[in-house]
Amino acid sequence: MKSPLTLDVLFHIGPLPITEPVLATWIIMALLTVGAWLSTRRLSLQPSRFQAFLELIVETVDGQIRDTMQVEPGLYRAFIGTLFLFIFVANWSELIPGVEPPTAHVETDAALALLVFVGVIYFGVRASGLQGYLATFASPTPFMIPLNFVESLTRTFSLLVRLFGNVMSGVFVIGIVLSLAGLLVPIPLMALDLLTGAVQAYIFAVLAMVFIAGAISEGKPREKEHERTTA
Amino acid sequence: MNWLSLASIIGAAIAVSFGAIGPALAEGRAVAAAMDAIARQPEAANTISRTLFVGLAMIETMAIYCLVIALLLLFANPLLK
């Protein structure tokens, strides 16, 4: 049985080995980018069916951001929406025969989790300044600084392990069942995998929202307390 | 097959089997509580199920940690090479 932790090198660009998940990631990125460019080229006020479908996606993402983060979604739509769409398409890319989801390898998930880690810092600093963001580590008391610091690392790690474990275990189980039973037997498992893939994409995006919301709202707890005492 | 690889295989099996017990019980309780809440307040079903999904993902991570440990023992064991 092939280990899920090893990678096949497909070809080299100069000294750089290009592996299977990297190529799959590039293809998905290209598809999403070109698709987004082509489909938003001719927008009209009276939307066609396809445009209405796209608007439905964007409005759903907006609604989720509004519900979860309690802020206007404009600033965060691009980051959260791209994360969700990419992970969703990557998880469902196993529908194409011969394609293994790039999220089933730990490197892709590590990159995505790192993006969230950097994104939290970026949006936190942007919302309340460097000092305000650093002050969130000392809330509620300065004794919590080491714990809060460790938490920001471990939650990134758990984001990585969660996505990797879920997608990889699905692919792994299908491989085992296929080698034991035969051609059509793993189909129910694949259907279950599609559900897991969609839920994991949603959860990754929601957790990214929750982390960012924590970084931008904890930056100004003083004002809130002030409001509460004066109200 | 030496003792070390035997111990790794048994360790991996124990990690997955016992690591699944806790999250299974916890997920059962979480879903039961969410069902109860939705039955009492059907209009809050959206908020409840969103929170439920996030909570379930958090709980499930514990089982996934065990799975990853088991895979590390089986495929990337530092003691076996």
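Mentor: Two residues are in contact if their C-beta atoms, placed from the backbone, lie within 7 Å. The structure discussed here is a predicted model.

Trainee: Leaving aside its neighbours within four places in sequence, with which residues is Ala208(A) in contact?

Mentor: Ala208(A) is among the residues with the most contacts inside the largest nonpolar core. Once neighbours within four places in sequence are set aside, the residues in contact with Ala208(A) are Ile80(A), Leu83(A), Val116(A) and Gly119(A).

Trainee: Which element gives the largest share of this core?

Mentor: The largest nonpolar core has 37 residues, and Phe204(A), Ala205(A), Met209(A) and Ile212(A) are among those with the most contacts inside it. Two or more residues each come from helix H1 (20–39), helix H2 (49–69), helix H3 (77–92), helix H4 (106–135), H5 and H6 of chain A. With twelve residues, the largest share comes from H6(A).

Trainee: How many residues has the second, separate core?

Mentor: This second core includes Ala12(B), Ala63(B), Val68(B) and Leu71(B). In soluble globular proteins, nonpolar side chains tend to be buried together. The number of residues in the second core is nine.

Trainee: What pattern does chain A follow along its sequence?

Mentor: Chain A has seven helices and two strands. Its C-alpha trace spans about 70 × 50 × 40 Å along the principal axes. Read along the sequence, the pattern of chain A is β-β-α-α-α-α-α-α-α.

Trainee: What percentage of contacts in chain A between residues at least 6 apart in sequence join residues at least 24 apart?

Mentor: Chain A has 231 residues, of which 26% count as buried. Among its contacts between residues at least 6 apart in sequence, the share that joins residues at least 24 apart is 65%.

Trainee: Are H2(A) and H3(A) roughly parallel or roughly perpendicular to each other?

Mentor: The axes of H2(A) and H3(A) are 10 Å apart, and the two helices pack at an angle of about 115 degrees. Angles of 65 to 115 degrees count as roughly perpendicular. H2(A) and H3(A) are therefore roughly perpendicular.

Trainee: Which residues of H3(A) make the contact with H2(A)?

Mentor: The crossing of the two helices, H2(A) and H3(A), is right-handed. By class, their contact has four nonpolar, one polar and two charged residues. H2(A) contributes Val61(A), Asp62(A) and Ile65(A), while the residues from H3(A) are Arg77(A), Ile80(A), Gly81(A) and Phe84(A).

Trainee: Which element gives the largest share of the side of chain A that touches chain B?

Mentor: In this interface, 14 residues of chain A are in contact with eleven residues of chain B. Helix H5 (145–180) and helix H6 (187–217) of chain A are the elements that give two or more residues to that side of chain A. The residues there divide into eight nonpolar, five polar and one charged. The largest share, six residues, comes from H5(A).

Trainee: Is Gln70(A) buried or exposed?

Mentor: Gln70(A) is placed in the loop between H2 and H3 of chain A. Its phi is near 60 degrees, a positive value in a residue other than glycine. Most residues other than glycine have a negative phi. Because 10 other C-beta atoms lie within 10 Å, Gln70(A) is exposed.

Trainee: What distance separates the C-alpha atoms of Thr141(A) and Gly182(A)?

Mentor: Thr141(A) lies in the loop between H4 and H5 of chain A, and with 7 C-beta neighbours inside 10 Å it counts as exposed. Thr141(A) and Gly182(A) are 41 residues apart along the chain, and the separation of their C-alpha atoms is 59 Å.

Technical notes: Residues numbered from 1 in each chain as written. Chains lettered and ligands numbered in written order. Predicted model: local features only at pLDDT ≥ 70, side-chain atom pairs only at ≥ 80, totals over all residues. Helix = DSSP H or I, 4+ residues; strand = E, 2+ residues; numbered from the N terminus. Nonpolar A, V, L, I, M, F, W, Y, C, P; charged D, E, K, R; others polar. Core = buried A, V, L, I, M, F, W, Y, C linked by C-beta atoms within 7 Å. Buried ≥ 20, exposed ≤ 12 C-beta atoms within 10 Å, placed from the backbone. Axes fitted to C-alpha atoms, helices over the stretch in contact; angles between N-to-C directions. Parallel < 35°, antiparallel > 145°, perpendicular 65-115°, else oblique. Left-handed = near helix turned anticlockwise from the far one by under 90°.
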